[in-house]
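Open the structure in your viewer. This tour tells you what to select next and what is there.

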Amino acid sequence: MAADFMVLRRSASFFPFLAALAMLAIPSVTVRAQEQPAAPTAPPPAETAPPAEAAPPAAAPAPQANAAEPVRHHALSLIGEPKFGADFKHFDWVNPDAPKGGVLRFAAEGTFDSLNPYSIRGVPAGAVAMIYDSLMAGSPDEESTEYGLIAEWVSYPPDYSWAKFGLRPEARFHDGRPITPEDVIFSLDAIKKAHPMYARYYKNVVKAEKTGDHEVTFTFDITGNRELPQILGQLTVFPKHFWEATGRNGEPRDLAKSTLEVPLGSGPYKVKTVDTGNRIVLERVKDYWAQDLPVRKGQYNFDELRFQYFRERTAAFEDFKSGRADLWRENTASAWATQFDFEAIKKGWAKKETIPTKGVARMQGFVFNTRRDKFKDPRVRQAFNYAFDFEDLNRSVLFGQYTRVASYFDNSELAAKGLPQGRELEILREFEKELPPEVFTTEWKNPVFASREDVRKNLAEAMRLFKEAGWEVRQEEVEDPNCGFFCKAGRAIGLGTARKEAVLRNAKGEPFTVEFLLGSEAFQRHVAHYISNLAKIGVRASVRVVDPAQYEQRESSFDYDIIIDSFPQSMSPGNEQRDFWGSAAADQNGTRNTIGIKDPVIDAIIEKLILAKDREELVAYTRALDRVLLWGHYLVPQWYNPYEWLVTWNVFGRPEKLPSLTSAVTQVWWIDPGKEQALAAHRR
């Protein structure tokens, strides 16, 4: 199941569940890595094409009308029971009487050229995801839990062979037309055709049919997948009548295509105005059909959400400091430590605060493009980790604010620890011949740079690994830009020596060169620090910063050596793992498998994880997956921060209790008229 907090990639809706949860967090830039980029041995099996998939088993039959009807659930949770019962009036992390009104203004870094976040084409405005509702709504206070929204209830049999959703008769699109079973059926088909990621996510959903005036039944081609009813609850529902009509350009509308035509939705907001690439304004739907439901009570209180886009951070930050934007979410430790002492904060007109958030710490790191020959040997990838001095970077650049991430599921019971034991060990034994022996004999750990001796030892280990992989370090003369006429004349008569540098070369004499591709200048200092160590072992590294649109294009077409990427996880991982690490996703544009992993062992573990029969089994398979990924050395792990760093002008009201997974500014905060007037008076 997709992570229960918002991390952006191509849009605010890159996973179906993230689409709904885009409304929980502050919309941000269109790159997914943050400085907490907060977003992340023997050789593995040889690179081979993924095995051909077996033909799926025959779909399970839809339930008969006279069959005993399973329990109708108002909410679903993959971890324990939902906190709120069927008769709840509102969530305890909202103010049910929150006032409506006011304008919330954002300064966002990036750009956009599309209003369709469900296509791999274009760079969408992530905020557009807020115009849509889904069958169920995720809770920002409960991991892997959803409550009925468009769907009033959901039922499924003990073998999880199908799931039925009962739609609320009052559910409406913004044009007043009811949301029907036909819309839901259309939505599943359209979203699977629009993006290969969704096709993989809903791979096991093979049929959707109307089984009542307000009922839709989904049939699966597999049994035992406990997650399928819940991820279907994340399905964004589109208006069939809109998408099957002709667009304003005279051509048929297509969810798979980029578009700047304002789409029709059903959610708490709709698009008001658009200035392509620069500005988008959403307005609250005054007669929003769900505004009085318990699942929406006290939420989405701002009359307008205004997003002003800037090409780079400095301009966006200045916009916030000037008061033209109302809040700022900071992602870099150096900025958090040094850039928030301006006049408004000193006078108390604005405030900075650290808001704790729970959940799995996402893996973020320097990601290798293993489609390229130079990164196919895991010893090369491991050598890069031995050259990354996180401890010095944390002291000198990150102000000691971060903890290094050491698992793809860190800060949770899902993380692999120590040596494999119990059920996890049994799972890994099934693949023992294909796995590095260290998986069973050695606890995976990041190298530590605690002393000068550690620096020497770790760099020596990096060079040893490179040598084993066929790369030799040579000391070679290089041009010294500081050596002028007299310097060169002196060298000509033996009064001085030429400058020499370490250079890694293979048997063909080719140097090891690598380019770090960035979509923002924010990470240049971090990469420069890393490059200085890489130079000591002979790696010729450079960094290239491109604009967001070019970054998206290059990432989608796999035109990079190393990028910074992050992989958000929930406490109940499942079908989305196919898109992160599955062979079928490796060569498809727009994939989350930016690493390019093609490993039959990982594919097999993912499929068994998805079909885990209970929590204990799920944890065991997740730990096994974590361990195999770690020993594959597919990235150099970076760091995480279990907080949101938030700076706001003093105009807001908010509930006494915030949800535990996010600050949920757009969802549960509001404009306090008294504070707004007082601030305006102070600033005159």
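A pocket, on a 1 Å grid over the protein atoms alone, is an open set of points where a 1.4 Å probe fits, with protein on both sides within 12 Å along at least five of seven lines; lining residues have an atom within 4 Å of a point. This is a predicted model, where local features need pLDDT of at least 70, side-chain atom pairs count only at pLDDT 80 or more, and totals for chains, interfaces and linings use all residues. Residues are numbered from 1 along each chain as its sequence is written, and side-chain values use heavy atoms, without hydrogens and water.

**Stop one: a pocket.** Select Arg313, Thr314, Ser520, Glu521 and Ala522. Of the 23 residues lining the second largest pocket, these lie nearest its centre.

Stay on Arg313. Its charged end sits over the ring of Phe317, 4.8 Å from the ring centre. The test asks for CZ of Arg or NZ of Lys within 6 Å of the ring centre and within 35 degrees of the ring normal.

**Stop two: Trp336.** Lys352 lies over the face of Trp336, at 4.2 Å from the ring centre. Is Trp336 buried or exposed? Trp336 is buried, at 8% relative accessible area (buried is under 20%, exposed over 50%, with a 1.4 Å probe and protein chains only).

**Stop three: aromatic pairs.** The whole structure holds 52 of them. Rings of Phe, Tyr and Trp (its six-membered ring) pair if their centres lie within 6.5 Å; planes under 30 degrees apart are stacked, over 60 edge-to-face, the rest tilted.

Now select Phe466 and Phe512. This pair is edge-to-face, with 5.5 Å between centres and 70 degrees between planes. Phe466 is buried at 0%, and Phe512 at 1%.
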